[in-house]
Amino acid sequence: MAKYKNHILVCGGTGCRASQGEEIVQNLGKVLEENSLENEVQVVRTGCFGFCEKGPVVKMVPDNTFYVQVTPEDAPEIVAEHLVKGRKVERLLYTDPETQERVSESKDMGFYKKQIRIALRNCGFINPENVDEYIARDGYAALGKVLTEMTPEAAIKVIIDSGLRGRGGGGFPTGLKWEITRKVEAEQKYVVCNADEGDPGAFMDRSILEGDPHAVLEAMAINGFCTGASHGLIYIRAEYPLAISRLKIAIDQAREYGLLGNNIFGTDFSFDVELRYGAGAFVCGEETSLIHSMEGLRGEPTVKPPFPSESGYKGMPTNVNNVETYANIPVILLEGAEWFSSIGTEKSKGTKVFALAGKVNNVGLIEVPMGTTLREVIFDIGGGIKDGKKFKAVQTGGPSGGCLTEKHLDIPIDYDNLLASGSMMGSGGMIVMDEDDCMVSMAKFYLDFTVEESCGKCAPCRIGNKRLYEMLDKITEGKGTEEDLTLLRNLSNVIKDTSLCGLGQTSPNPVLSTMENFADEYEAHVHDGKCPAGQCKSLMQYVISDEKCIGCTLCSRVCPVDAITGDKKEPHLISQETCIKCGACYEKCKFGAISIQ
Amino acid sequence: MSKVKSLADLRKMRDELQTKVSLREKSDNPEKLVQVKVSMATCGIASGAKEVMNHMIEEMDRQAIDAIVTQTGCMGFCHAEPTIEVTLPGNDPVVFGHVDNKKADEIIEKYVIRGELVDGIIPVNYETVKENKNE
């Protein structure tokens, strides 16, 4: 039986495969055989190393040497030098751009490990249904420390000094919120966890609750101690059944251990948590709506002030924080404010979790320090755009955010930079779009969502967004006019300025930011009746080429509306009046005779 | 289980539990136990993680391999679900992606039993905050 002493890992990510990764594997195999090493060294293809700019990459195990920009022709040298003589192939090592020194191990490459997991520290590591594993990872130690060794004021000061800001999107300083709630005098106060994650394409909070539910419970108890609340509520959408079941298990286990309940850690502090289910309304992510929904009322926002910190659930001071914000709290209290504030940018500290989705190779859940650029996120961690297409835009902040383009790729991501670029942090959804995505349709998609989700309380949001949607629809149908474009912009600004809550105040952002960044695309729809991305069905047609069509009749048989006519072995024709542009014929044609125009 | 009454209690408990969990953190653990963690968040389960987990438990049981198979949360590699992490005694954890029953068999046969690597390894490209400092 072969017992391998060494392994050569070759990146099999899409980017590296495209640059001859497969040939490298084959050449290495060949050279190993020539040297009779095939039973001692194994070549293995791996997933993406997240280092695509320097690809293809090859990693030698067990000594962890990392070679970059390897070509198939380098195989003999790697085998002869590294494996036979035991010397590193210097010219293939990564050169640190700052020190100009060659770095051999990936762990020494600043470039390589772009992700730091703070909020996700236990996700994918511990068994979320076992409190023992959480405790073994220092779980509940922060709560113990705060309860027995600190005053509420001192703990709040740590959170303030850490610079932690609300991860739900707005970015309000968390410590300050706690302090405000603390200062209000009341018989009863409440601590709420906002787990009503509603942005399309966002699943950060769900993953944290499913992977590390105790972290949220611990942080809520700490919050209760700091603000003077004994009752915690988690508002979670009923469509997250696994998160709910794991939270329930976690709450039971914490109660059993006395980590929730009366006299926690032998002190006179008591705290318990209960779950409240939401029906999945987007507006209930807004804290006043959320509170009304928990009270059994309609999920509608009310004017702030008074803020929930002063008058919230049942008219009592209520501190609402988001799941990811809570997940950061225990670590900050254990590691200290200075440590946390050393990560990130001047005004945005720590890390942010993003749900990277869309047309990107490595779709996933990532956590990067604030200040990481979009380019690093999309091209290094995300492994670039799918199918070698061209990057067009990235949508951050969901229906409240905007799209960012090529020119924004090198901006360090933080709350303030994203706002300045016409988007926002939001809760962390990040949807990548390529050249095939039409920006007008994208804006329409989000407006469709907003129209559905508007609670209908205030007129600008209820009526205004509907009108925005209709105008966008008209434009994608090719019926838009120059006037519509002006109206679209004006109405957007009015909705922004006059809506009652965050939903309406931000809902025109997708329209405004696409109009700003892709004005030419709007004009192409309106003036030329063309959709440059080829996505708007009304503005395109399927056409059969007379030369390529052999008259196999397959297309006419799959057409659901009988729009295709023609005799056997004769070129066919699509009636544009009847065609519904379903694309069935296009997919079925074996001769590439049908094209989109 | 008794209640945690003080911070000292918790620390004692943590130290005891750590030796149990440390299999996963220390590579020089002498025990001959194979650790398998299956990423079981909604996304993983939707792509078939549950079946793979059951399959691995049965298969390793059948082959009398001394192993612990546990579930864990999202590892973040949505593009390669279901994902599993395998830690052989004395080795660093290795993450495999796109694991179906067939791939699971290959991993057991080649990696777990013979120590050979298998195509489809996912390089872990993040650091996790180190705790246990403020004692």
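How far apart do the C-alpha centres of domain 2 of chain A and domain 3 of chain A lie? They lie 27 Å apart. Please keep in mind that this is a predicted model, with an ipTM of 0.80 and a pTM of 0.85.

**Domains of chain A**
- The domain assignment divides chain A into domain 1 (6-108), domain 2 (131-337), domain 3 (351-434), domain 4 (439-528) and domain 5 (541-596).
- Where domain 2 of chain A meets domain 3 of chain A, 14 residues of domain 2 are in contact with 17 residues of domain 3.
- On the domain 2 side of this contact, four residues are nonpolar, five are polar and five are charged.

**A five-stranded sheet in chain A**
- Five strands of chain A form an open sheet with mixed pairing, in the order β13-β12-β16-β14-β15.
- At its edges are β13 (364-369) and β15 (403-405) of chain A, each of which pairs on one side only.
- Neighbouring strands of this sheet are turned against each other by 30 degrees on average, direction ignored.
- Strand β12 (residues 351-358) of chain A runs antiparallel to β13(A), and six bridges join the two.
- For a spot to look at in this pairing, find A:Ala355, which stands opposite A:Leu365 in β13(A).

**Where chain B touches chain A**
- The contact involves 46 residues of chain B and 59 residues of chain A.
- On the chain B side, the elements that give two or more residues are α1 (7-21), β2 (67-72), β5 (121-122) and β6 (126-128).
- Of these, α1(B) gives the most, with eight residues.
- The chain B side of the contact is made up of 20 nonpolar, 16 polar and 10 charged residues.
- Strand pairing also crosses between the chains: β7 (residues 115-117) of chain A and β6(B) pair in the parallel sense over three bridges.
- Within that pairing, A:Ile116 has B:Glu127 in β6(B) as its bridge partner.

**Confidence in chain B**
- The average pLDDT of chain B is 82, and 84% of the residues score at least 70.
- Residues 23-30 of chain B stay under 50 in pLDDT, and the model has 12 contacts beyond four places in sequence for them.
- Residues 131-135 of chain B also stay under 50 in pLDDT, and for this stretch the model has seven contacts beyond four places in sequence.
- Where pLDDT is low, predicted coordinates should not be read in detail.

Key:
Residues are numbered from 1 along each chain as its sequence is written. Chains are lettered from A and ligands numbered from 1 in the order in which they are written. This is a predicted model: local features need pLDDT of at least 70, side-chain atom pairs count only at pLDDT 80 or more; totals for chains, interfaces and linings use all residues. Two residues are in contact if their C-beta atoms, placed from the backbone, lie within 7 Å. Helices (H or I, at least four residues) and strands (E, at least two) are DSSP runs, numbered from the N terminus. Ala, Val, Leu, Ile, Met, Phe, Trp, Tyr, Cys and Pro count as nonpolar, Asp, Glu, Lys and Arg as charged, and the others, Gly among them, as polar. Two strands pair if DSSP finds at least two bridges between them. Domain bounds come from an automatic or database domain assignment. pLDDT is the predictor's confidence in each residue, from 0 to 100. Axes are lines fitted to C-alpha atoms, for helices over the stretch in contact, and angles run from 0 to 180 degrees between N-to-C directions.
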